[in-house]
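Trainee: I have a chain to go through with you. Can we take it step by step?

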Amino acid sequence: MTTSLLVAFALMLVLEGLVPFLAPGIWRDTFRRLIQLSDGQIRFVGLTSMLVGIVVLMVFR
């Protein structure tokens, strides 16, 4: 189980590093927009992201 978690974490880092590597300007603009969101909006984005991740895990498991 530990190996699977480490592989998942490594894959997450690779995927999250793609946008700043390939399109740093878009990445910077996205963060500028995120800073302007309220806490509730950021929480909603986080919740939505978690739910999508859970659904994807359930579909492919």
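This is a predicted model: local features need pLDDT of at least 70, side-chain atom pairs count only at pLDDT 80 or more; totals for chains, interfaces and linings use all residues.

Mentor: Residues are numbered from 1 along each chain as its sequence is written, and side-chain values use heavy atoms, with hydrogens and water left out.

Trainee: Which pattern does the protein follow along the sequence?

Mentor: Count the DSSP runs, where a helix is H or I with at least four residues and a strand is E with at least two, numbered from the N terminus. The protein has three helices and zero strands. Read in order, the pattern is α-α-α.

Trainee: What radius of gyration does the protein have?

Mentor: Take the radius over C-alpha atoms and compare it with the globule rule, 2.2 Å times the number of residues to the power 0.38. For 61 residues a compact globule would come near 10 Å, but the protein has 14 Å.

Trainee: What share of the residues is buried?

Mentor: Buried means under 20% relative accessible area, exposed over 50%, and partly exposed in between, with a 1.4 Å probe and protein chains only. Of the 61 residues, the buried share is 0%.

Trainee: Which helix gives the most to the lining of the largest pocket?

Mentor: A pocket is an open set of points on a 1 Å grid over the protein atoms alone, where a 1.4 Å probe fits, with protein on both sides within 12 Å along at least five of seven lines; lining residues have an atom within 4 Å of a point. The largest pocket has a volume of about 410 Å³, the space filled by probe spheres set on points joined across faces, edges and corners. Helix H1 (2–22) and helix H3 (39–60) each supply at least two lining residues. With six residues, the top contributor is H3.

Trainee: How many residues of that lining of the largest pocket are charged?

Mentor: Asp, Glu, Lys and Arg count as charged; Ala, Val, Leu, Ile, Met, Phe, Trp, Tyr, Cys and Pro as nonpolar; the others, Gly among them, as polar. Leu11, Met12 and Gly53 are among the lining residues. The lining has eight nonpolar and two polar residues, and the charged count is none.

Trainee: Which helix gives the most to the lining of the second largest pocket?

Mentor: This pocket holds about 160 Å³ of space. H1 and helix H2 (24–35) each give two or more lining residues. Trp27 and Phe31 are among the residues of the lining. With five residues, the leading element is H2.

Trainee: Why does H1 lie largely in the open?

Mentor: H1 has 21 residues and reaches 30 Å from first to last C-alpha. It lies largely in the open because the number of its residues that are buried is zero.

Trainee: Is methionine 58 buried or exposed?

Mentor: Methionine 58 sits in helix H3. Its relative accessible area is 61%, so methionine 58 is exposed.

How values were computed
The expected span of a helix is 1.5 Å times one less than its number of residues.
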